[in-house]
Number of protein chains: 4
Amino acid sequence: MSTLHLNEFSDSANQAIAATRQIVADLHAELPRNDLVAWTAGNVSQRVDLGEDAPEPVPAVFVIKPSGVSYDELTASNMVVCTLDGTKIDDDTSTGLSPSSDTAAHAYVYRHMPAVGGVVHTHSAYATSWAARGEVIPCVLTMMADEFGGDVPVGPFALIGDDSIGRGIVETLQGSRSPAVLMDRHGPFTIGAGAQEAVKAAVLCEEVARTVHLARAYGEPQRIAQHQIDALYARYQNVYGQKDHA
Amino acid sequence: MSTLHLNEFSDSANQAIAATRQIVADLHAELPRNDLVAWTAGNVSQRVDLGEDAPEPVPAVFVIKPSGVSYDELTASNMVVCTLDGTKIDDDTSTGLSPSSDTAAHAYVYRHMPAVGGVVHTHSAYATSWAARGEVIPCVLTMMADEFGGDVPVGPFALIGDDSIGRGIVETLQGSRSPAVLMDRHGPFTIGAGAQEAVKAAVLCEEVARTVHLARAYGEPQRIAQHQIDALYARYQNVYGQKDHA
Amino acid sequence: MSTLHLNEFSDSANQAIAATRQIVADLHAELPRNDLVAWTAGNVSQRVDLGEDAPEPVPAVFVIKPSGVSYDELTASNMVVCTLDGTKIDDDTSTGLSPSSDTAAHAYVYRHMPAVGGVVHTHSAYATSWAARGEVIPCVLTMMADEFGGDVPVGPFALIGDDSIGRGIVETLQGSRSPAVLMDRHGPFTIGAGAQEAVKAAVLCEEVARTVHLARAYGEPQRIAQHQIDALYARYQNVYGQKDHA
Amino acid sequence: MSTLHLNEFSDSANQAIAATRQIVADLHAELPRNDLVAWTAGNVSQRVDLGEDAPEPVPAVFVIKPSGVSYDELTASNMVVCTLDGTKIDDDTSTGLSPSSDTAAHAYVYRHMPAVGGVVHTHSAYATSWAARGEVIPCVLTMMADEFGGDVPVGPFALIGDDSIGRGIVETLQGSRSPAVLMDRHGPFTIGAGAQEAVKAAVLCEEVARTVHLARAYGEPQRIAQHQIDALYARYQNVYGQKDHA
C-alpha cells in the first residue's frame, strides 16, 4: 500500500479524526494518574469509523500514541493516525513521529473485533505480576463479577514483530466476558466500546490484580459461585451508571 | 409512593439540603485523595433531618453520589437527594442522574440506625483484601483501640438488589463498637454521626488494614489486652481532639 | 502551676516562639507529603530555649500541633505552646485549642534529653508494622548505618495517660545511636537537634522499614559488620551535607 | 591539583556547562516524582565533553547535585561542577556547597567508561530490597529484555571513601548489557549516553524490581528464553522510539 496522507480524506473525516486525537491525548493522562505506567510505556488508541467519508479502501482508521514520547509532551497534534493494517497515515502535525511499537497489536484487534472501539496496553505492576506467572486472576470480589464477568484470563507468550500478540489477545478475549487479558510475561491489554471504556478496564484490572494479590497473602479467598457472578454481571451491564453517560 | 420533587419542600428544608449537598460533594474528594477508590467506585452520603420542615411523610432524606460519575465531575448540584426508602427526589439540577447503585444499602442503614448521620462505602484495597478472605482485622495497634474500640468485624456475603447488604451492615455494626464493617468479598462500609466522621473511619479502616497486613508478614502481632483496649477507647472518645471541632 | 499567658513573656521570647510556630507549622506539611500520616494523626514539636528571656520558672517551652485538627488547617497561629511539663500556655491566637494528645510524651523527652530540640510521632505504616510485632529493624543497608548508626530499636508497650510513653522513648533512645524508636504496637517516635532533623529521621525510618520489609520477603539480608557500621556512621555524621545547611 | 575556577574556562565551555546544569537540575525532579528517593538521597550527573575548549588538562567535567540539599531547592545555579577525578571546580554561584557524597563513584564511572554520559544513584525501595539480599533480578518480563537485555546484575559490597564503589559499578556493568547495577546492601546505580537515559534506566529498574518482587510472591516466574531475550533487546535498541528523540 502506498503512503496515504490525511489531506486525501474528506473534511468530515478529518473532523472526526481531530476529535478522536483530542480524546486519545486526554485519556493518556489517566495512565500516569492511576499509576499504570512508568516513563513512556503504555498506550491508548481509539477507532474512527469513517463510513461514507472514507476514501476507498479505508473505511476506518485509529489514533494512537507516538512511540517513546513522554506523557507530558502528548497533545492532540502529535497523536498518530493509522490504517487498520497498522500503517501510519501522513499528516502535517505529527510528521516524523512513529506510532507506538504496539501498533500492530492494536490494529489486529480492530481488524478482528468489529465491536471494539478502544484498546489500552500497560505494564501496570500488579496485573503484570500475574502475567509474569501466567496466572488467571480468580473472581473472588463482587467488583470483578460486575466489571469482568468472571476471572481475568491469561493470553499466550508472544514476541513483538508480527501478528502473534494481536492474535493472542483476540483469541483469549473472544472466549471470555472480560475486557482485559494478561499477556504471558508481558502485561495487560484491555478493550472497550471506546477508548474511555478500555481505560476504565485497565484501571480496574490493576485494582483487582492488586486487591486479590493482597488477599491471598493469608489464605486463598473463595471464588464467588457462578450463578452469583452471572447475576452481578447482568445487573451491572444493565443498571449501573447513567444511561446517557459514557 | 409517587415521585416527590424538592419544590414541595419548605425553604428551610431546601436550605438544609443544599448545605448538605455541598458537604457531601466536598467529602467525596477525600476518597481519591486518600487512595480509597478507583475510577467511579465508592460513595459518601449524609442524612438531613428535616424535623418540622418535613412534608409528611418525609421526616428525613439523605444526599448521595450519582451513579457512575467521575470524581472530577462531582459538584453540589449533581448530588442526588433520596428518601429513606432509597427513592430519588426530583429536583431541577441533577435531572436525569440516578443515585449510586449502593443507595439501598445506605437507606437501610439510615432507617435502622437513627444515630447514624453519614455512611461511606469504598473498595479500598487493603480493607477489601481482608473482606475477600472474610477475615476480621485483629486489634493489635493502639490506634485501632482508639478509633475502632476493638477488632474490625466482617459482615455476610450479600448480593446487591434487595435489603441483604444493608441488613448485613446493620446486624454486624449493632454488635460492635467499630464504625467499620468489612462485607464479605465486597468491601468496607463505615458509619458516623455525620459524613465527615464516616469518611474518617473509612480512611483509618484502610490504614489499619494496611498496617496489620504488613505486620503479620513476619509473625502474628499480639492482640492488645481487652482491658487496655477498653481504657484506650474510653479515653479517645472523651479526650481526643477539640471539643467544638468536627 | 497556675495558667501562664504569652503576654507575660518578653518581646524577644515572643519573637522566638512566633518563629518556631512557623517552622513547626511548615514541617507538618512534610508528614502527609511523605505518606507518613492518615487523617489528623501524627505530630511535630520543637523546643524554644528562652535563656535570659524566660520568666521564672520557665526556661524553655515547646511548640506542638493542636489535637485532632486537619493538616490542611494547620497554620503558625493555631500551633500550641506548652511548658516542659506539658501544660498549655495561653495566647490570643490558638484560644480554645488543646495540644496534641501526645503532648505528655514530647514534654517528657524534652525534660530528660536536653540535647533534643525536636520530636516527631507518626503511625507510618511500615515502621508501625515492625512496632506491631515488637521487632527491631536490623541494620542491613548502608543508609541505615549512615543515618541510624545501627538497628532501629523497639520501646515498651505503654498506655497514654501518664509518663509511660515518654519514659519508654527516653530509656530506649539513651541506649542507642538511633534517632528513632518503634514503640510496641503503637508507632515510631523520632528526635533531632531541631524539628527538621526529627522529621528527616521519621521519613528515613519509614523508608528503611519499608525497604527491609521488602528485602526479607525472599531471604534474610545479611547484617553489615559492626566495624563497617561504625565507619559509615562516623563518616556520615562528619562529612555528609553542607556545613552550614540544616 | 590546585583548585580550578570556572573563570579559567572558555566562554563556549561555560555555555556548555551552564546548559548541562539546567538539564541536571531539571532531571532531579524526576526522582521524587517517580518515588525513587526519600528526603535528600539520590543524585544525577551528566558529563560535559569540552573538546578543544578544555583548558589543559581538563578535557571533560561533570555536573552533579550538591550534598544534602532538598529537592525543592535544586536549581541550575547550585549544581556543582567537578573534574573527572571528582574535585569541585569553583564558580561564583554554588560557592560553599560540596558535591554529592557519591561524587567519587560518578567520577570513577566517567573515567573508565568513555561512552557513559550520565549516571544516576538512588535508594529506590524495591531495587534496594534486591540489593539488600544481593540478588540478581531475573529476566522474566518482555520489558526487561527490551530495556536491560537480560538480568539486572548485582555489584559487590563496598564502603564509601575510596574507589571501591566506582570500581564495583564499572566491573559489573562492563560484563553486562544492563544499564543498571544493584550494589550489595546499598542500592542501584544506572548509566546512559546522557543523564536522561540514566534516569530512564533508574525509573525502569525500580519498575521491574517491583513487578518481579510481586510476581514471585505466588510462584517463581519462568525466565524468558535467551534467544528471545536477544531478539527483543536487538529490536528495542534499533526500532523503539523516535529516531531524533532523546
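This briefing describes how the chains of the structure are related, how they meet, and how selected residues are placed. The model is a predicted one. Chain B is brought onto chain A by a turn of 90° with a shift of 0.0 Å along the axis, and the RMSD is 0.0 Å. That is the relation of a four-fold axis. Over all chains, the structure holds 44 salt bridges.

**Arrangement of the chains**

- Two copies of a chain are related by a rotation about an axis and a shift along it.
- Ala217(B) is the residue of chain B that comes closest to the rotation axis, with its C-alpha at 5.8 Å.
- Only 3% of the interface residues of chain B are also interface residues in chain A, so the copies meet through different surfaces.

**Interface of chain B and chain A**

- The size of an interface is often given as the accessible area lost when the parts come together.
- Between chain B and chain A, the buried area is about 2,900 Å², and carbon and sulfur atoms give 60% of that area.
- Trp39(B), Arg133(B) and Arg185(B) supply 27% of the area that chain B buries against chain A, which is more than any other three residues supply.
- The contact involves 31 residues from chain B and 30 residues from chain A.
- Between these chains there is 1 salt bridge, and the side chains of Asp72(B) and Arg33(A) meet in a salt bridge with an N to O distance of 2.9 Å.
- Chain B and chain A also have 6 residue pairs in polar contact, counting pairs with both residues at pLDDT 80 or more.
- On the side of chain B that touches chain A, helix 4 (residues 125-133) of chain B gives the most, with 6 residues.
- Divided by class, that side of chain B has 12 nonpolar, 12 polar and 7 charged residues.

**Interface of chain D and chain A**

- Here 30 residues of chain D are in contact with 31 residues of chain A.
- About 2,800 Å² is buried between chain D and chain A, with 59% of it on carbon and sulfur atoms.
- This interface has 1 salt bridge, and a salt bridge joins the side chains of Asp72(A) and Arg33(D) at 2.9 Å, N to O.
- There are 6 residue pairs in polar contact between chain D and chain A, with both residues at pLDDT 80 or more.
- Helix 2 (30-33), helix 5 (142-148), helix 7 (195-215) and helix 8 (226-239) of chain D are the elements that give two or more residues to the side of chain D that touches chain A.
- Helix 7 of chain D gives the largest share of that side, 10 residues.
- The side of chain D that touches chain A comprises 14 nonpolar, 9 polar and 7 charged residues.

**Salt bridges within chains**

- Arg177(A) and Asp230(A) form a salt bridge through their side chains, at 2.8 Å from N to O.
- Arg177(A) lies in the loop between helix 6 (164-174) and strand 6 (180-183) of chain A, and Asp230(A) lies in helix 8 (residues 226-239) of chain A, so the pair ties together parts that are 53 residues apart in sequence.
- Arg177(A) is partly exposed, with a relative accessible area of 36%, and Asp230(A) is also partly exposed, at 32% relative accessibility.
- Asp184(A) and Arg185(A) form a salt bridge in which the closest N and O atoms are 3.4 Å apart, and both residues are buried.
- In chain B, a salt bridge links Arg133(B) with Glu135(B), whose closest N and O atoms are 2.7 Å apart.
- Arg133(B) is buried, at 15% relative accessible area, whereas Glu135(B) is partly exposed, at 22% relative accessibility.
- In chain A, salt bridges that share partners join Arg133(A), Glu135(A), Arg216(A) and Glu220(A) into one network.

**Buried parts of chain C**

- Helix 3 (residues 103-112) of chain C is mostly covered, as 7 of its 10 residues are buried.
- Those buried residues are Thr103(C), Ala105(C), His106(C), Ala107(C), Tyr108(C), Val109(C) and Tyr110(C).
- The elements covering them include strand 1 (43-49), strand 2 (60-64), strand 3 (80-83), strand 4 (118-121), helix 6 (164-174) and strand 7 (187-192) of chain C.
- Val199(C) belongs to helix 7 (residues 195-215) of chain C and is buried, with a relative accessible area of 0%.
- Leaving aside residues up to four places away in sequence, Val199(C) touches Leu27(C), Glu30(C), Leu31(C), Val44(C), Val120(C) and Trp39(D).

Note on methods
Residues numbered from 1 in each chain as written. Chains lettered and ligands numbered in written order. Predicted model: local features only at pLDDT ≥ 70, side-chain atom pairs only at ≥ 80, totals over all residues. Heavy atoms only, no water. Least-squares fit on C-alpha atoms with pLDDT ≥ 70 in both. Contact = heavy atoms within 4.5 Å. Salt bridge = Lys/Arg side-chain N within 4 Å of Asp/Glu carboxyl O. Helix = DSSP H or I, 4+ residues; strand = E, 2+ residues; numbered from the N terminus. Buried < 20%, exposed > 50% of the residue type's maximum accessible area, 1.4 Å probe, protein only. Buried area = accessible area lost by both parts, 1.4 Å probe. Polar contact = N/O pair within 3.5 Å; in protein donor to acceptor, adjacent residues only side chain to side chain. Nonpolar A, V, L, I, M, F, W, Y, C, P; charged D, E, K, R; others polar.
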